[in-house]
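Here is a briefing on one protein model. Look at the sequence and the coordinates first, then read the notes below.

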Amino acid sequence: MLSKLQPRVLGLAIGAGALVAGLVIALLGLVLGTDFVGLVAAGLVIAAMGLVVAIVGAIGFALHGSARSARQKMR
């Protein structure tokens, strides 16, 4: 089944979701205490990867415009 969503839309959405999820994981590790330093580190890594993906999706929007094609705009 073909998706009507373009890759830049998915990249931006998945990147933003991973960014927020990573920050939540890191915050959870901070709240739980010093025994969970790995959880904080993993959360920050996930957030950093999400930020990179979100930036790539945003660049896609900047270069190619909105997700709707010209044919869809005329309907």
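A residue counts as buried under 20% relative accessible area, as exposed over 50%, and as partly exposed in between, with a 1.4 Å probe and protein chains only. By that cut-off, 19% of the 75 residues in the protein are buried. The model is predicted: local features need pLDDT of at least 70, side-chain atom pairs count only at pLDDT 80 or more, and totals for chains, interfaces and linings use all residues. Residues are numbered from 1 along each chain as its sequence is written, and side-chain values use heavy atoms, with hydrogens and water left out.

**Overall make-up**

- The protein has three helices and zero strands. Helices (H or I, at least four residues) and strands (E, at least two) are DSSP runs, numbered from the N terminus.
- Along the sequence the pattern reads α-α-α.
- The accessible surface is about 5,600 Å², and carbon and sulfur atoms hold 76% of that surface. Areas come from the Shrake-Rupley method with a 1.4 Å probe; for residues, only the protein chains shown count as cover.
- Among contacts with a separation of 6 or more, 64% join residues 24 or more positions apart. Contact means heavy atoms within 4.5 Å.

**Packing of H1 and H2**

- Two packed helices are described by the angle between their axes and the distance between the axes.
- Helix H1 spans residues 7-32 and helix H2 spans residues 37-64. Their axes lie 7 Å apart, at an angle of about 160°.
- That angle makes H1 roughly antiparallel to H2. Angles under 35 degrees count as roughly parallel, over 145 as roughly antiparallel, 65 to 115 as roughly perpendicular and the rest as oblique.
- Axes are lines fitted to C-alpha atoms, for helices over the stretch in contact; angles run from 0 to 180 degrees between N-to-C directions.
- The crossing of H1 past H2 is left-handed. In such a crossing the near helix is turned anticlockwise from the far one by less than a right angle; clockwise is right-handed.
- The contact of H1 with H2 involves 21 nonpolar residues, nine polar and one charged. Ala, Val, Leu, Ile, Met, Phe, Trp, Tyr, Cys and Pro count as nonpolar, Asp, Glu, Lys and Arg as charged, and the others, Gly among them, as polar.

**Glycines in H1**

- Gly15 sits in helix H1. Gly15 is buried, at 0% relative accessible area.
- Beyond four places in sequence, Gly15 touches Gly50, Leu51, Val53 and Ala54. Its C-alpha is 9.7 Å from that of Ile46, 31 residues away along the chain.
- Gly22 is also in helix H1. Gly22 is buried at 0% relative accessibility.
- Gly22 and Ala41 are 19 residues apart in sequence, and 9.5 Å apart C-alpha to C-alpha.

**A glycine in H2**

- Gly57 belongs to helix H2. Gly57 counts as buried, at 3% relative accessibility.
- Residues up to four places away aside, Gly57 touches Arg8 and Leu12.
- The C-alpha atoms of Gly57 and Val9 are separated by 6.6 Å, across 48 residues of chain.
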